[in-house]
Amino acid sequence: MPTSTATRPSDDLTRDDRLELYYFARLTRDIEERLAVLYRQNKVVGGLYRSLGQEGESVASAYALAEDDAVAALIRNLGSLIVQGIRPRAVFTQYMAKGTSPTRGRDLNLHFSHIPDAGGPIVVGPISMLGDLVPVMAGVGLGARMRGRALVAMTYIGDGGTSTGAFHEGMNFAAVQKLPLVVIAEDNKYAYSTPVSQQMALARIDQRAEAYGIPHEMVDGNDMLAVYDASRRAVERARHGDGPSLVGVDTMRMRGHAEHDDMRYMSKPLLDAWKARDPIARYHAHLVETEIATETDLAEIDAMSRAYAEAEADLAEAEPPPEPDTVAAGVFAGDHFQPTVEIVYSPFREKRGTPRHAPASEAGS
Amino acid sequence: MAVITYLDAISQGLRDEMRRDENVIVLGEDIAVFGGAFKVTRGFLEEFGADRVIDTPISESGFTGAACGAAVEGLRPVVEFQFADFIACAFDQIVNYAAKNYYRWGIPMPVVFRGPSGGGFRGGPYHSQNPEAWFTHVPGLKVVQPATPYDAKGLLVAAIRDNNPVIYLEHKHLYRRIKEEVPEDDYVVPIGVAEVKREGSDLTIVTYGAMVHESLAVAERLSREGAECEVVDLRSLSPLDRDAFLTSVRKTGRALVVHEAHLTGGFGGEVAAIIAEQAFDALDAPVTRVAALDVPSPFAAQLEDAMLPTEEKIYTAARDVLEY
Ligand SMILES: Cc1ncc(C[n+]2csc(CCOP(=O)(O)OP(=O)(O)O)c2C)c(N)n1
Ligand SMILES: [Mg+2]
């Protein structure tokens, strides 16, 4: 009998962990469904970029981080922010350009940061220019290492984003410096209207990593536990000084680029095939089949998630817009602007009373 | 002559040039199958084929450099940036490669770099910028910014036929909002030639891009109040038609310079300096600028409106100059 090779990092997940993963994926979808309603009601300012069909990979990859690691999410990684404890209300206020949003109405959707003075999750906000976060997160890893902290920096990049120069430069820098960086590269079949075959002459997105001489693997991005396992392995390597890794996730963008996109260029058979591989439905079935939860347990989580998303949206909707006379304040450091985002624990974490994983500062020493 | 939108005028100019000259190609993200994020190149793939209408990877620096190389080989590429903000990702290829080739080696670089710029669209800090001044500082680049459908088509045709790299900034907020009659046949609006969009004797408003429309609205309002403004639309920033606004200022004795880009280091400073140097004796009031605040473009409507120059702000400044 094989002895060691069959163990998976997810083997160590408790029942509550497994239910929490389900809850986070569910909540991500519910928040976006609520945003879609607000969008149709013209209450969302600007576009709405959904992660429908790929919530699982954002959630499961970020779940491999310790509580006070650093994550940088792109517009389709709402799930990662939810895992790190970003309160949904913050996301709703961002989309509705409220004066009390984390950027006070200055930037949109998931473009916000949370950099706590001590302890807690670090969220580094994105800019629109794809690829730019990869070198930035390499630098977060560099800074942490120089300060003697075993922090892991995780970020995401789409199939399209991997074609940028910034992606390449950041990956290479992280590789030669052996920085604690984990990059989740999402093959969701399209970059806006452009298919992956127009982005790269590679069979698999994770092969990008060959150019940097770093570990990489490709996983079924709609299998939440598989994503967790691969991400956890990468996180452990990073935490123990073994440098950066790239995890390729095979998934599918089930909506257009944004809600206003007519999706005409998208392959219908491809969409149908992936519909049957919905990550949340699959994980739901897995939990029931393995008798970790009953249908009733999961229905309770569904109801709880939905109610929470709605309540948070309602709170956000009632918030005021920004005051016009605040526009010029805070262009330079020292003026006044200290954004804060409330960090919340899931009901499962509260029940356990323990952090998801050992805090970054204690691990790997 | 048909009445068409600013966006359709750009499409028409581009299509006509591609029909006329098979060396004209277009490249950019999502421009072929999808027809572009704003649909400027809708139907181009079907008409001109995948060799001339190229969907690129998200590699601004890469496809900009490749366009310059293709120009060395005799093509006349038109590069689309999905938003003008992303031109920053190709900055080096434009300012160091494209701009300096002719001066050093005598190699012409007939490439057009075009993209939707400007605010008022609630696009936030990365989909609202007006980057013209990043490029007007670079010798060897031409920079144009049309305000009307007629100029949009004529300037694009001129840019494609020009043997120099041209930064062509179209204002996304004008795309479907501004319509006028545009000739179907071949014409150019020469680069480097401004146009007086409205004549007047009391105040010169020097402007370009989207602010031409706000300035014309202000001129209309002031006319009802008894003051006549002359509105000079620069159309090209580089090369600059100095005579056009100097002649006007010598006539009116008062100058207001208006643009949507940030105030500090904005192109208006250049115009104001030229007026101060060359028409000082004609001035009855200080040259005054109206521009966006020196703040990144904020997302929320309340903030963006506070940041952008508006008709109201132009009106107030114009009154101050008139009453000085
Ligand atoms: C450098 C850069 N160029 C262009 C864009 C415009 N743009 C926004 S999203 C997008 C497609 C992104 O595709 P991908 O990286 O695969 O991510 P996905 O949307 O599939 O999650 C493009 C071209 C951008 N954001 N950044
Ligand atoms: Mg993609």
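Reader: Which residue forms a salt bridge with B:R122, and how far apart are the closest N and O atoms?

Author: In this predicted model, look for a side-chain nitrogen of Lys or Arg within 4 Å of a carboxyl oxygen of Asp or Glu. B:R122 pairs with B:E304, and their closest N and O atoms lie 2.7 Å apart.

Reader: How many salt bridges does the rule find across the interface of domain 1 and domain 2 of chain B?

Author: Four salt bridges are found there. Polar contacts are counted by their own rule, which gives 14 residue pairs across this interface, both residues at pLDDT 80 or more.

Reader: Which elements give two or more residues to the side of domain 1 that touches domain 2 in chain B?

Author: Those elements of chain B are α6 (132-136), β6 (142-144) and α7 (149-161). By residue class, this side of domain 1 of chain B has 11 nonpolar, 10 polar and four charged residues.

Reader: How many residues are in contact, and what area do domain 1 and domain 2 of chain B bury between them?

Author: On each side, count the residues that touch the other: 25 residues of domain 1 of chain B contact 25 of domain 2. The two domains bury about 2000 Å² between them, with 53% of it on carbon and sulfur atoms.

Reader: What pLDDT does chain B average?

Author: The average is 98, and 100% of the residues of chain B score at least 70. For the complex, the predictor gives an ipTM of 0.96 and a pTM of 0.96.

Definitions and conventions
Residues are numbered from 1 along each chain as its sequence is written. Chains are lettered from A and ligands numbered from 1 in the order in which they are written. Side-chain values use heavy atoms; hydrogens and water are left out. Contact means heavy atoms within 4.5 Å. Buried area is the accessible area (1.4 Å probe) that two parts lose on being put together, summed over both. A polar contact is a pair of N or O atoms within 3.5 Å; within protein, one must be able to donate a hydrogen and the other to accept it, and residues adjacent in sequence count only if both atoms are side-chain atoms. Helices (H or I, at least four residues) and strands (E, at least two) are DSSP runs, numbered from the N terminus. Ala, Val, Leu, Ile, Met, Phe, Trp, Tyr, Cys and Pro count as nonpolar, Asp, Glu, Lys and Arg as charged, and the others, Gly among them, as polar. pLDDT is the predictor's confidence in each residue, from 0 to 100.
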